[in-house]
Amino acid sequence: MAEFQQFGRLVAQMLDTDNTKRKEAEDQYEKIDLSQKITLLFQLYLERSASEDIRSMALVLTRRLWDFDFEAALKVLSAEQQGQYIEGILHAATEEPSLQLQKKLADVISQFAMNMIDEESGVQKCGKIIQFIEHCNSSANANLKVVAMSIIEEVPNVFGLDQDKYLPGIKAIFQACLVHEAVYVRSAAVKAFFYTLLIWVCQHIVTTSEDDDVPLQSLCDLVTTVPKTLTPYLNDILVFALTTVKNTELEESYRHTSLEIIASFCEAAPNMIKKRAAQLIPTMLEVCILSMTDLEDDTEDWLSVDDADEDVEEDNAALGETSLDRICCALGGKATFQPALAIVSQLLNNGDWKKRHAAIFTLSTIGEGCKSVMEAKIVEIVEKVIPYLLDEHPRVRYAACNALGQMSTDFEPTLQKKCHEKVVPALVHTLLDLSVMRVAAHAGAALVNFSEECPKNIISNYLPDMMSSLEQVLEATYKHLVEKNKKLVLEQVITTIASVADAAEAEFIHYYDRMIVPLKFILQNSGGDDYKLLRGKTIECVSLIGLAVGREKFANDGQEIMNMLADTMPNLPPDDPQTTYMISSWTRICKVLGPLFAPYLPLVMPPIIRSVEYAPEVTVVDDSEANEDDPAWSFTSVGDNRSFGIRTAGIEEKVTACEMLVCYARELKEMFGPYVEQVLPHVLKNLKFMFHEGVRESSAEVLPAFLECFKQQGPEVMYRLWQTYYPALEEALNSEHDLDVLAEQINSIAEAVTLLGTALSNEELAKIAEIIRDQLTNFEERRNQREAKEVDEDADPEDAHDNADEDQESDANLLGRVSDLFHACFKSFGPTFYPMVQSIIPGIVAMIDQSRDFTDRQWAVCMVDDLIEFAPKEAQLIQQAFAPRLVECLKDQHPEVRQATSYGFGVMALQGTLFTDVCVQVLPLLAEMISQPDARATEEGTTATENAISAVAKILKHCGGQIDQAQAIPLFLSWLPTWNDPEESVHIYGFFADLVESNNAYVLGENNSGLPLICRIVVLAFHNGAFDDEDENVTPVKTRLSNILRTLAQDHAVFSSCIQAAGLNEAEQATVNKIVS
């Protein structure tokens, strides 16, 4: 009896709203023996003195138990016990007065009905269930009829192979229930009848080809909108759809719609798929990948394409690719990566080029959805792809270029850092092979992707070879253009040059003179209509090169090109391919020329202002008058055969113009000041421009840039401008529903607080604190609403929070901007701000919880960090509330959370003795985190690890009296060098310099054996760009490190020995010479 009572309390605790208590109860429940669970759960349901919630929970757990592994659960019962158990459940369903509990019992019965159908014979082995359904039908009890309908809905084949035998009875059941006097009985019958009938109709149409795919589309609509109602038919629907897609003899419309059903089901109910149809996931991936092999055999047509936009779409392959992407994004890498990789491994060695092509395209397609799993294996995957750049078939080579390019984007900058030695030479070699222009062009495109996020110190090593090759290809393809009028590779190589320049930045200056001349020549000699795109890309390239090399080098050419553009721009229509390139190039050239661009403002501002103040035409017309084919208008039906129309032709130009305002105000500052008064009324009006969120975002973003235009005139002038625009911004913020726009509005306030600082009054600061409080409240409400919609017993506890939808991602972005505003206020006002937000601190701390999405924890930790850094005494008083949570976060599986937490402990160490005890306590945890084998496997992981190393440095420096130096300092040295986080490099190398300059015995080692390591750490820090040269705090640290090396260099013999022992390569030794010279 005591055991049963204890079990009842445990189940009650599993309903507790406190996450910690509930998790503790769930853990205890999992440890109970399976046979005991079966018995105790049914006893608890039968216990009439228990509340209905607890009895209901007992039935929910019972259903889950049988659903998880029916065979395992059945085996713990003897044959006699099985019969007694089923009879007990059926009897309970008959006698239970509560309809809600009866439905839960029906769910349990359905598990038996589903699993007791013999797989080979198709016979329903549990005849008692069929007898129970017949009893329900003959009963006068309306609730029992609903139970019968629920079982049929859940298990349409409940009657097994003998369905024909029971058909008269089935008809009678439906006839009786569909006309029953109780509405809820009729409703249950309609649901059971409708879904069963729809699926049967779909199967019949596909089998007989008697009709179009409209029923399949209807099924797809149901999958998208109400997936949970289809739970009983999940496997049947998926097997049917998969079988249809595989059958290449069927009409394509059937196969395409069936593939859409599969992808839509994965997107609409990913947790349900992963739990209830996991065995079908490999087949889903397989049908997508095999669809991707449906390619044209005529390679000559493919090779002859000179404009990628004119490429013939291969529908089946394209649909397979997009479906594969959707499925992987929906289900995540944990469920899809290994099955996909297994298929790829089989196809890569296939003699059919189409199979190899599909395999490689698969690797480029699954990256987004499988990022968390795939990134750790990126070296292995890249090594699989690179050999296919030499494949005998050009389309396979093209696919390899595509994969390397896409993965460079999906896994930046990890791929660039770990794979550059293989990727860059291979792509450059492929680009140089102009025998197949499309492949060469795509190699150039892949180099663009690689270069975009490639660290400067890496790409700089390849610049000589890359630029020599690009120059060679530029010359050859321009000649090809003149002789054969083929421009595909020329357009691409120009884009590649632009991307390399963008990544190389100032290093590109060595190649500027060689590149600018041919590019200007192309710009001046490509005036025909056929060359508009080429001209546009050339303008883009020149402006990006200008950004890379800077004003001093580019100024003359920039002004010359600006004059060219100024003559051309007024005559370009909005749909001209050059227009977008022209506008963006103006913006870049403005960034480069800075004040030198100001003379062009009278030329560019009138058309910009016209676009900024543009108000689109709107109308309401009869549906028959709505011209859906007019690209200048967009129509939406509003009912009663009427449509609302908006003229969209000028909206994109308005968006671009608003973005340009931001650029000009930020770059030209006080020189743009004269235009602020003229454009401000339009900007404030655009804060509520309902037809495009981009206009509202840019309008919010530009406001703090306007403040900077008056910075030289002093805080009073800036403050007056703030008073002018803030009421409109606050009003727009209070009425905004788009979370991304809201985030930009919050960011606008944060930037203004940073600029204005203490010029703001306490009353205004209190209003901003109220905005923070309201936004956090609204954030929690939206989160609770999503959770209420997404309560899903199929969810995998490990990754339930990792599959955030767009709303969650937008909310995470918004929370980040609220955190930025919180930071700006604390940084500007310090402890003064604390009383204004004191009431919301407990709620922020509560967000640091493992049950929350990791972004909630990340940004909440950031806000706690700000509290510690800028109001340390106030933080010290409540450290018992947040410190234990921060300690747990050092073990968080998400590096973003570990980074914020590590930073927080580093900040604690800087606050004197306020947090010494907790800092000393976490030192072993920080060391454990840093020493994990995969600590630097990803970019985010590396950043978190370097923040942890910095925290250790701060703790050793400021709390070192209580720490065993003999153990801690050698361990600290073993983690160096670091170079990914310049902000933390100041602290890491500052402490390192302290140790070296003080001749610390643990650093120097016995008989100065530590000197080679000291040399290696210093050299690699400089060589890999560990410092941000624009940070004024960097110079003293860099000087100290340089002096350490120079001091050692005074003894040539010792220094040479140290450098040799340090194991430096040729490039790193060149860095040594730069430092000591």
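These legends describe close-up views of a predicted model.

**View 1. The largest cavity and its lining.**
A search of the whole structure finds two cavities of 30 Å³ or more. The largest cavity holds about 50 Å³ of space. Its lining is made of Val 245, Arg 255, His 256, Leu 259, Ser 291, Asn 316 and Leu 319. Helix H14 (252-268) and helix H18 (315-331) each give at least two residues to this lining. The largest share, three residues, comes from H14. Sorted by class, the lining of the largest cavity has three nonpolar, three polar and one charged residues.

**View 2. The second largest cavity and its lining.**
About 30 Å³ of space lies in the second largest cavity. Ile 86, Ile 89, Leu 90, Ile 109 and Phe 112 line this cavity. At least two lining residues come from each of helix H6 (79-95) and helix H7 (99-115). H6 gives the most, with three residues. By class, the lining of the second largest cavity has five nonpolar, no polar and no charged residues.

**View 3. Helix H19 and its buried residues.**
Helix H19 covers residues 333-348. Its buried residues include Phe 337, Leu 341, Ile 343, Val 344, Leu 347 and Leu 348. Gly 333 and Thr 336 are also among them. The buried residues of H19 pack against helix H15 (270-276), helix H16 (281-291), H18, helix H20 (353-365), helix H21 (371-374) and helix H22 (378-385).

**View 4. Lys 384 in helix H22.**
Lys 384 lies in helix H22. Leaving out residues up to four places away in sequence, Lys 384 touches Leu 341 and Ser 345. Leu 341 is one of the buried residues of H19. Lys 384 and Leu 363 are 21 residues apart in sequence, and their C-alpha atoms are 9.8 Å apart in space.

**View 5. The aromatic pair of Phe 42 and Tyr 85.**
A search of the whole structure finds 24 aromatic pairs. In the pair of Phe 42 and Tyr 85, the ring centres are 5.6 Å apart and the planes meet at 55°, so the pair is tilted. This pair links distant parts of the chain, with Phe 42 in helix H3 (residues 34-46) and Tyr 85 in helix H6, 43 residues apart. Both Phe 42 and Tyr 85 are buried. Ring pairs also link Phe 42, Tyr 45, Trp 66, Phe 70, Tyr 85 and Phe 112 into a cluster. Phe 112 is also one of the residues that line the second largest cavity.

**View 6. The aromatic pair of Phe 689 and Phe 691, with Lys 654.**
Phe 689 and Phe 691 form an edge-to-face aromatic pair, with 5.6 Å centre to centre and 80° between the planes. Phe 689 is buried because its relative accessible area is 9%, under the 20% limit. Phe 691 has a relative accessible area of 30% and is therefore partly exposed. The charged end of Lys 654 sits over the ring of Phe 689, 4.8 Å from its centre.

**View 7. Lys 37 and the ring of Tyr 29.**
The charged end of Lys 37 sits over the ring of Tyr 29. The distance from this charged end to the ring centre is 4.5 Å.

Key
Residues are numbered from 1 along each chain as its sequence is written. This is a predicted model: local features need pLDDT of at least 70, side-chain atom pairs count only at pLDDT 80 or more; totals for chains, interfaces and linings use all residues. Side-chain values use heavy atoms; hydrogens and water are left out. On a 1 Å grid over the protein atoms alone, a cavity is a set of points where a 1.4 Å probe fits but cannot get out, and a pocket is an open set with protein on both sides within 12 Å along at least five of seven lines; lining residues have an atom within 4 Å of a point. Grid points are joined across faces, edges and corners, and a volume is the space filled by probe spheres set on the points. Helices (H or I, at least four residues) and strands (E, at least two) are DSSP runs, numbered from the N terminus. Ala, Val, Leu, Ile, Met, Phe, Trp, Tyr, Cys and Pro count as nonpolar, Asp, Glu, Lys and Arg as charged, and the others, Gly among them, as polar. Buried means under 20% relative accessible area, exposed over 50%, partly exposed in between (1.4 Å probe, protein chains only). Contact means heavy atoms within 4.5 Å. Rings of Phe, Tyr and Trp (its six-membered ring) pair if their centres lie within 6.5 Å; planes under 30 degrees apart count as stacked, over 60 as edge-to-face and the rest as tilted. A charge sits over a ring if NZ of Lys or CZ of Arg is within 6 Å of the ring centre and within 35 degrees of the ring normal.
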